[in-house]
Amino acid sequence: MSKVLIIGCGGVASVAIQKCCQCSEVFEEICIASRTKEKCDRLAEKLRPSTKTVITTARVNADNEKEVAALIRDYQPDLVMHIALPYQNLSIMNACLECGVNYMDTANYEPEDINDKNWREIYEKRCKDEGFSAYFDYSWQWAYHEKFKEAGLTALLGSGFDPGVTQAYCAYALKHHFDSIETIDILDCNGGDHGYPFATNFNPEINLREVSAPGSYWENGHWIEVPAMSIKREYNFDQVGKKDMYLLHHEEIESLAKNIPNVKRIRFFMTFGQSYLTHMKCLENVGMLSTTPVLYEGHEIVPIQFLKALLPDPASLGPRTVGKTNIGCIFTGIKDGKEKSYYLYNICDHQECYREVGSQAISYTTGVPAMCGALMVLTGKWNKAGVYTLEEFDPDPFMEALNKYGLPWNENFEPTLVP
Ligand code: NDP
């Protein structure tokens, strides 16, 4: 019998929770816990009539390690699915270690306060040593590997789509199609239209930080960093059409560079429309993307948090978003002494997602792999003790689960390569 504590009840978590409830033979009991308990209660009420999963709810401030540990001790779950924000990764991992429970999340650790002196010192050293300047990286969570290993617990990092499925795609390509992979291009295309001049598809704070940061890629054993949005390519995506895409830094590049033997180059591209980029540049230029508090009429305001309050709630985009996403990886490498290329990707329709779970495809493509990753841990298919990313496990049962729970994959053995 599996009991799971799910922390967070936003866009991604609500999809993951609904998917868990579609698989009540494994997810027999879940507790939905978040900062705003009313959201958890509303979702629980909606789901109870149509699932055998026993759902309870709780309020928790996941920034507070002791509060999380107390909730874990009280509920006694087999796994904590952390689907709140990357700011809470370390406090939840600490609580899991303290209570002896498996852990998983969907994005790697990032501090809420990037001006914190202690964090900043470590960050600046890492920028110099590693050569990329993103605020997030795996080092904080990889540092827990020995502790999880000694405790006999699994921590599964980044079980969303990208990171997440993209890494399982890499493991699958290596297992079934290549003797060695030389290049990986991860292509994330959102061909959806929500009709607003500007809105973000997931948490605006996390999304805008990611997109306004310098881009970087891995080549010949080191990072190459370039100014934000300075590398642009056009690609003709299956079922979406031609889109402009831009090179971004992305967290899975870091773990893939470590785990895919002899890989020569890894890049990540995401599509953006001109309206999104123009709005973002303007907001950045006037200081609205800043995380440093400013004093306004006696109140401290964090500009990006104020902006978040003005923008449409990502959860509200579902009913109005039409079109498809197409996310996947293009590989080149060697098989049986011959050069080979291979494209593995998923296409997801915003409106179909909305009809099934009341969310658009971005939350759906992240929430389904979160549930599938949890399924792998709970059923013992992925049960190595320590801290791991998805490419470090056998991809086959996870790929099967993706097909079963709504994210079937497609293959192309003659893909157009990205110059
Ligand atoms: P949302 O902002 O929609 O939801 C976040 C949820 O976390 C809310 O329910 C929020 O509560 C809750 N929360 C925030 N702070 C706390 C806290 N201190 N204690 C308890 N609960 C808290 O985010 P998303 O659903 O869009 O994203 C969830 C995660 O998924 C993020 O880490 C994001 O980076 C990641 N992600 C990963 C992707 C991937 O492909 N790997 C793609 C997209 C997102 P409240 O309701 O009170 O605000």
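**Helices, domains and a ligand shell: a short tour**

Let's start where two helices touch: V165, A168, A171, Y172 and K175 in α8 meet P395, F398, M399 and L402 in α15. Two residues are in contact here if their C-beta atoms, placed from the backbone, lie within 7 Å. Helices are DSSP runs of H or I with at least four residues, strands are runs of E with at least two, and both are numbered from the N terminus. By class, the residues of this contact divide into 8 nonpolar, no polar and 1 charged. For the classes, Ala, Val, Leu, Ile, Met, Phe, Trp, Tyr, Cys and Pro count as nonpolar, Asp, Glu, Lys and Arg as charged, and the others, Gly among them, as polar.

Before going on, a word about the model. It is a predicted one, where local features need pLDDT of at least 70 and side-chain atom pairs count only at pLDDT 80 or more, while totals for chains, interfaces and linings use all residues. Residues are numbered from 1 along each chain as its sequence is written.

Back to our pair. How do α8 and α15 cross? The axes of α8 (residues 165–176) and α15 (residues 395–404) come within 9 Å and cross at roughly 125°. The axes are lines fitted to C-alpha atoms, for helices over the stretch in contact, and the angles run from 0 to 180 degrees between N-to-C directions. So α8 and α15 are oblique to each other; angles under 35 degrees count as roughly parallel, over 145 as roughly antiparallel, 65 to 115 as roughly perpendicular and the rest as oblique. Their crossing is left-handed, meaning that the near helix is turned anticlockwise from the far one by less than a right angle, whereas clockwise would be right-handed.

Helix α15 has another partner, α14 (residues 361–378): these two pack at an angle of about 135°, with their axes 10 Å apart. That makes α14 oblique to α15. This crossing is right-handed. P369, C372, L375 and M376 in α14 meet P397, F398, A401 and L402 in α15, and this contact has 8 nonpolar, no polar and no charged residues.

Now follow α14 to α1. These helices pack at an angle of about 50°, with their axes 7 Å apart, so α1 and α14 are oblique to each other. The crossing of α1 and α14 is right-handed. On the α1 side we find G11, V12, V15, A16, K19 and C20, and they meet S363, Y364, T366, G367, V368, A370 and M371 in α14. By class, that contact has 8 nonpolar, 4 polar and 1 charged residues.

Let's zoom out. Where does the chain divide? It is divided into domain 1 (2–157) and domain 2 (165–359), with bounds that come from an automatic or database domain assignment. Taken over C-alpha atoms, the centres of domain 1 and domain 2 are separated by 22 Å.

Next, the ligand. How many residues surround the ligand? There are 33, and the closest are G10, V12, R35, A84 and G160. A residue counts as near a molecule or strand if its C-beta atom, placed from the backbone, lies within 6 Å of it. Helix α1 (residues 11–21) turns up again, giving the most to this shell, with 3 residues. The shell divides into 16 nonpolar, 13 polar and 4 charged residues, and it draws at least three residues from each of domain 1 and domain 2.

Finally, two backbone details. Most residues other than glycine have a negative phi, and most peptide bonds are trans. The peptide bond from D162 to P163 is cis, with omega near 10°, and P163 is found in the loop between β6 (154–157) and α8. N220 is not a glycine, yet its phi is positive, near 50°. You will find N220 in the loop between β8 (215–219) and β9 (222–226).
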